[in-house]
Each structure stands twice: as C-alpha cells, then as structure tokens.
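This briefing is meant for a reader who is meeting the structure for the first time. Please keep the sequence and the model in view while going through the points that follow.

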Amino acid sequence: MGRIKSILLIDDDETTNFLNKLFVKQLDSNLEVNVVLNGKEAIDFLVLNGKEITPCLIVLDTNMPVMNGWEFLANYDEKFDADFKERNTVVMLTAVDTEKVVAKAMADPNVDDTAQKPLSDLTFRVLINKHFS
C-alpha cells in the first residue's frame, strides 16, 4: 500500500470508528490504526505520540463534541510545524456532502481531501491509492 504506515481516525461515533478500522484492516492488516473520539483527544495524541507515531492519514469528522473538526484544524495548524504536517494527509469527513462544506474544508491548507460518511472499504482504497501510490 505505498508509503502509508498508519491512520488516525477522529470521530465521536464509536460504531463508525469500529467499522472504519475494520475496513482499513481488510485492506492492509499491517496498518496501525489509532482511534480518538474528538479533536482535543487527537491533538493530545499527536503531541504525545507524534514523534514516534506520525499518522500518514488523518481521517477527521467535522461534527464532534469537545473539539470539532474545524477547531482541530486551527489547533493542528498552530501546534505543528510544516515538516510534521507535510508527512500527513488530512481527509475531512462530512455527513452532508454539500458544496459549501467541501469548499470550506478544501480552503483549509491542512486539508488534502474530503469524503462523505459513511465510508467503506472502497472509499478507503480510493483515498489510499489517490494519496499514497
């Protein structure tokens, strides 16, 4: 699967995280998959583990409690240097794939792509092939 070694799933829905992890593991059982439930947990995870576990793919939900996807992006931009961010691909998840939400996500320099929920093994395959082949 190209250069991809790990994925960080950021979503408050535990069922979605379970299914997404299952889809990823079906594609490549050697991929490390870490799961957090909101943007704050994701920032904390990256601060604590970012040097040892740099996720190649960050899959980020827009709507979450504590810290949503938009707030995560602001914190991510502030806390991490360009070298760290260059090693990651951020895909923003939207429950409603409207032009306005997609345009807002793609206007953020840290967002590389968008995808509509729910994801599938095919969606993950397309994202991984697009960004890591």
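In this predicted model, helices α2 and α3 cross in a right-handed sense. The axis of α2, which covers residues 39-49, and the axis of α3, which covers residues 69-79, come within 9 Å of one another and cross at roughly 20 degrees. Angles under 35 degrees count as roughly parallel, and α2 and α3 are therefore described as roughly parallel to each other.

**The contact of α2 with α3**

- On the α2 side, the residues that make the contact with α3 are G39, A42, I43, L46 and V47.
- On the α3 side, the contact is made by F72, N75, Y76 and K79.

- Helix α1, made up of residues 14-27, and helix α6, made up of residues 121-132, have axes that come within 9 Å and cross at roughly 60 degrees.
- That crossing angle makes α1 oblique to α6, and the crossing of these two helices is right-handed.
- The contact is formed by N20, F23, V24, Q26 and L27 from α1, together with D121, F124, R125 and I128 from α6.
- The residues in the contact of α1 with α6 divide into 5 nonpolar, 2 polar and 2 charged.

**The chain as a whole**

- The chain contains 6 helices and 5 strands, and, read from the N terminus on, its elements follow the order β-α-β-α-β-α-α-β-α-β-α.
- With a radius of gyration of 13 Å, close to the 14 Å that the globule rule gives for 133 residues, the chain is as compact as a globular protein of that length.
- Along its principal axes, the C-alpha trace of the chain spans about 35 × 35 × 25 Å.

- Of the 133 residues in the chain, 48% are buried.

Notes:
Residues are numbered from 1 along each chain as its sequence is written. This is a predicted model: local features need pLDDT of at least 70, side-chain atom pairs count only at pLDDT 80 or more; totals for chains, interfaces and linings use all residues. Side-chain values use heavy atoms; hydrogens and water are left out. Axes are lines fitted to C-alpha atoms, for helices over the stretch in contact, and angles run from 0 to 180 degrees between N-to-C directions. Helices (H or I, at least four residues) and strands (E, at least two) are DSSP runs, numbered from the N terminus. Angles under 35 degrees count as roughly parallel, over 145 as roughly antiparallel, 65 to 115 as roughly perpendicular and the rest as oblique. A crossing is left-handed if the near helix is turned anticlockwise from the far one by less than a right angle, and right-handed if clockwise. Contact means heavy atoms within 4.5 Å. Ala, Val, Leu, Ile, Met, Phe, Trp, Tyr, Cys and Pro count as nonpolar, Asp, Glu, Lys and Arg as charged, and the others, Gly among them, as polar. The radius of gyration is taken over C-alpha atoms; the globule rule is 2.2 Å times the number of residues to the power 0.38. Buried means under 20% relative accessible area, exposed over 50%, partly exposed in between (1.4 Å probe, protein chains only).
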